[in-house]
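This briefing covers the build of one chain, the face it presents to its partner, and a few individual residues. The points are grouped by topic.

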Amino acid sequence: MGIQTWTFLLVGLSFALYIGIAIWARAGSTKEFYIAGGGVPPVANGMATAADWMSAASFISMAGLISFIGYDGSVYLMGWTGGYVLLALCLAPYLRKFGKFTVPDFIGDRYYSQTARTVAVICAIFVSFTYVAGQMRGVGVVFSRFLEVDIVTGVLLGMCVVFFYAVLGGMKGITYTQVAQYCVLIFAYLVPAIFISVMMTGNPVPQLGFGGTLADGSGVYLMDKLNGLSTELGFNEYTSGTKSTIDVFFITFALMVGTAGLPHVIVRFFTVPKVSDARLSAGWALVFIAILYTTAPAIASFARVNMIETINGPEGQGVPYEQAPGWITNWERTGLIGWEDKNDDGRMFYAGDERNEMAIDRDIIVMANPEIAKLPAWVIALVAAGGVAAALSTSAGLLLVISTSISHDLLKRNLMPNITDKQELLYARIAAACGIAVAAYLGINPPGFVAEVVAFAFGLAASSFFPAIILGIFYKKMNKEGAIAGMLTGITFTASYIVYFKFINPAANTPDNWWLGVSPEGIGTLGMIFNFVVAFIVLKLTKEAPDHIKELVESLRYPKGAGQAQDH
Amino acid sequence: MSFETNEHAQAYWKENLRLLITLLVIWFTVSFGFGILLVEQLNNIQLFGFKLGFWFAQQGSIYVFVVLIFVYVLKMRALDRKYNVQEDAE
């Protein structure tokens, strides 16, 4: 069977599985729709959280990015895992004890203010939409490359599947589908990694393999070989970075804190039965995420060595274009690899200086890796199914946050408090359907800045939600004035900095012009600090939180009496 | 009030915070310390094929994160029992 038949088969089978689960896990009440009835076991919830968290970007782009930037890629590895420590220790158990449905619920109740709730709802919707647009694009890209359908058909197909299980099943359907999607995506990620690790180092564990010696009998460590190749070809040494230490520090911090502040991640911890399960489930989530995140840097270095050697040849003289391996010509057609024979010798050459003749898109590292390593067709098809699973699981989780924010936080808790549970559920489904339609539109006509807005999502979450939630739990006296002023300061500062450097004056986006040398990706950390400072200053000038709020906070701090999440 | 006395409530919270701070110090040290601030010094030490600082940044810190959460889960479970505030407490 060819690659395409295999891809249709595997992607089709996985879709049938997701739809089957959706029918089995229909939601009957808002509680099931919003938080899966609060009855998901911690291991399953951890798996679902991992699938929810790992997007098309983690699956398709991350290893490629690390492969090209080496040590600097560590910011994503540490940033997108370290946040779970903060979640498990500082947020998840307390929010579960609070026992409502959403992050704006917490902000609104803890700060006894509709204004605070509204600020939180707007942030939640904005953050989720920026994210979901990127996911839809991911689905489209995978479909168009592997099934050779056009991007529009790909996006629409993906939307139909998400529509089916998100609208029907709500959080319940999504959670159990995500468990299946996690299995598909991690299998698809590990199989090629293990194959390649065995081929290159003789070690079946990629995490160990990339610290081992090459299997060609030379006894040279893979990383030494890679560093040698990199410097020889005019690149930076693979194990050292080009970013300044302060920038790496700030970006990592912003990503960690942003992770802990993202509404679609936090809401997962409302779905477990007990407070102790919320702690445990954050642990499992990180285990499942770490499996992929520790494999990614291994793939990155294998792929880097492999790619350089295939293009430049074992002697480093360049391979004649007529003898180019199949994957180069295959991917050349998609425009992701380009070759320009600058010195007219008919040979390809890849380098970091003026000798370079190749243009290589970072995204192909994961997608073309099985082809580069000459793996069988079913492995290549598996990667396609995994990419789709990663994109679908994340979009579904985000769509749920959007629909919950609208039907619950905006309608039920704000505009129309008298609707019944049945009506609220209907509104939630309508909101999910509208969300999907908007996301599909954004996926088909992506705004040019999809990649840029990711910095937005993390920066905004870091500078708005995180401090408000932390202070809400750990500082009883914090009042609504302080929290609202803090959130607004954090958001305004972070958003202005990003908008200025990304949209208004992109030409000035260089380290010399950055404030304190912090790039727009890392500015959320400063925004967060300002949020804390302003909140404290305003608190000193106004009356501290009333006694019944202090008692509420007091009751968040121990598990006893958590019970089921409450309907209102 | 779920605690037997007010002192118990305060003691529980204090022990919780002490555990939290200890674990967060380790969290900060392995990632921001070993992986970022001290990366160049640690890169002079070789661990199999890895430079140590690079290994912490791309592998080690993640393993430590996982361990930290499970240590927290176990310690908190014991703490909840000690003060009888676990969920199935009478």
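Helices are DSSP runs of H or I with at least four residues, strands are DSSP runs of E with at least two, and both are numbered from the N terminus. On that basis, the elements of chain B follow the order α-α-β-β-α from the N terminus on. The model is a predicted one.

**Build of chain B**

- Chain B contains three helices and two strands.
- The C-alpha trace of chain B spans about 55 × 20 × 15 Å along its principal axes.
- The radius of gyration of chain B is 18 Å, whereas a compact globule of 90 residues would have a value near 12 Å.
- Of the 90 residues in chain B, 39% count as buried.
- Within chain B, 52% of the contacts between residues at least 6 apart in sequence join residues at least 24 apart.

**Side of chain B that touches chain A**

- Contact between the two chains involves 37 residues of chain B and 42 residues of chain A.
- On the chain B side, the elements that give two or more residues are helix H1 (6-37), strand S2 (50-51) and helix H3 (52-82).
- H3(B) gives the most to this side, with 16 residues.
- Sorted by class, the side of chain B that touches chain A holds 24 nonpolar, nine polar and four charged residues.

**Gly241(A)**

- Gly241(A) is placed in the loop between helix H10 (222-232) and helix H11 (245-261) of chain A.
- Gly241(A) counts as buried because 22 other C-beta atoms lie within 10 Å, and the cut-off for this class is 20 or more.
- Leaving aside residues up to four places away in sequence, Gly241(A) touches Gly70(A), Tyr71(A), Asp72(A) and Val248(A).
- From C-alpha to C-alpha, Gly241(A) and Gln181(A) are 34 Å apart in space, with a separation of 60 residues in sequence.

- Leu516(A) is not a glycine, yet has a positive phi of about 60°.
- The loop between helix H20 (480-504) and helix H21 (523-541) of chain A is the place of Leu516(A).
- Leu516(A) is exposed because it has 10 other C-beta atoms within 10 Å, where 12 or fewer is the limit for that class.
- Asn84(B), also a residue other than glycine, has a positive phi near 55°.
- Asn84(B) lies in the segment after H3 of chain B.
- Asn84(B) has 15 C-beta neighbours inside 10 Å and therefore counts as partly exposed.

Conventions. Residues are numbered from 1 along each chain as its sequence is written. Chains are lettered from A and ligands numbered from 1 in the order in which they are written. This is a predicted model: local features need pLDDT of at least 70, side-chain atom pairs count only at pLDDT 80 or more; totals for chains, interfaces and linings use all residues. Two residues are in contact if their C-beta atoms, placed from the backbone, lie within 7 Å. Ala, Val, Leu, Ile, Met, Phe, Trp, Tyr, Cys and Pro count as nonpolar, Asp, Glu, Lys and Arg as charged, and the others, Gly among them, as polar. The radius of gyration is taken over C-alpha atoms; the globule rule is 2.2 Å times the number of residues to the power 0.38.
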